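Biologist: I'd like to learn how to read a few features off a model. Can we start with how helices pack?

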Amino acid sequence: MTTPPALLIAGHGTRDDAGAEAFRDFVRQLGARHPELPVAGGFIELSPPPLGEAVTELVEQGVRRFAAVPLMLVSAGHAKGDIPAALAREKERHPGIAYTYGRPLGPHPALLNVLERRLDEALGSAGRTPGDRADVTVLLVGRGSTDPDANAEVHKAARLLWEGRGYAGVETAFVSLAAPDVPSGLDRCVRLGARRIVVLPYFLFTGILPDRVRHQTEGWAAAHPEVEVLSADVIGPEPELLDLVWERYEEAVKGDLRMNCDSCVYRIALPGFEDKVGMPQQPHFHPDDDDHHHGHHHGAHSHAH
C-alpha cells in the first residue's frame, strides 16, 4: 500500500503569543485526528517555528512527499507568492522531496456556518435569540491587502453570509492596507440605517489584528452611544476548520485544485494595478502585524500557483 503524503500546514504568523499557540495547537489537533500520516506546521514570518523548520521535521521522519495547505482565508500575496517561494527553497535544501500545494480556505460554506454561529453568540450575549436578525447589520472585517483580488474575496464572503440568513445587511471593512477601515465601515452601516451592528472579525485565530478590530469597535461605540454595537469572536479551531483543512489536503493530493486566477493582479492587468503583472516575487512582512511598525512596505509578487 502506498504511504500517503504528509501534511504541512503553512501559517502566516503573528507577534501575539496566544495566536501563535492557537496555530500550533491546531496543528497538534490535526495530527491527533490523523495518526496515519505525519503532520507538521510552520509560519512564514513573525512566529516560531518557521516553515523551513517544519519541512525539516518531516524530512527527519523520513517523509519524501507532502501536501502543503495554507491556513489562510484569502489568497493574497502570502498564499500566492511567499509560501510557494519558501517551498521552492526547501526543495533545494532537501533534494528528493516532492510536494503539492493546496488552496486557501475561504470562503467556504462550513466557515460561513461558523461565522453565523459567532454572530448568534454575540447576539445571545445581548439577550437576542438566534432568529432575531431582521434589524441586525453585520460588519465583516478582513485583514486587508494590497491585492484587490484578496479584498474582493472578503466581499464575496460577506455576500454569501448575507444571502438567506435574514440579516438586515452585511457590510465589509478592513483593519489594514485597504479601505474602508473599521470606523469608516461602521459609519457606512449607520448611513445605511443600521441601529444594531455586530462587528465580525474574518480571522481564524486571535492576534494583534483581531484585537485591533475589537479596540477600534469599542472606541467607535463609545463615541456613538445611540447605536448598539456588539463584537463577535474569531472563527477559532472549530471542527469545521479541521474538516476543511483535511478537505484541502485531499484536493492537493488528488490534484483537484481549482484556484481562481481570473482576477489575479499578478496575471491580469487590472485598472490601477497594471504595473504588478509579472513583477518579481519578494517575500515580505505585513506592516500591521507588529504594534511597533517596522516600516517595511509590501513588495510586488509574481503569481506562483
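This is a predicted model: local features need pLDDT of at least 70, side-chain atom pairs count only at pLDDT 80 or more; totals for chains, interfaces and linings use all residues.

Modeller: Residues are numbered from 1 along each chain, and side-chain values use heavy atoms, without hydrogens and water.

Biologist: Which residues of α6 and α7 make the contact?

Modeller: Contact means heavy atoms within 4.5 Å. On α6 there are V182, P183, L186, D187 and V190; α7 brings V213, Q216, T217 and W220.

Biologist: Where is there a cis peptide bond?

Modeller: Most peptide bonds are trans. Here, a cis one joins G106 and P107, with omega about -10°, and P107 is in the loop between β4 (98-101) and α4 (109-125). Another joins A179 and P180, omega about -5°; P180 belongs to the loop between β6 (169-174) and α6.

Biologist: And which residue has a positive phi although it is not a glycine?

Modeller: Most residues other than glycine have a negative phi. L46 has a phi of about 75° and sits in the loop between β2 (39-43) and α2 (51-60). L177 has about 65°, in the loop between β6 and α6. L177 is partly exposed at 37% relative accessible area (buried is under 20%, exposed over 50%, partly exposed in between; 1.4 Å probe, protein chains only).

Terms used: Helices (H or I, at least four residues) and strands (E, at least two) are DSSP runs, numbered from the N terminus.
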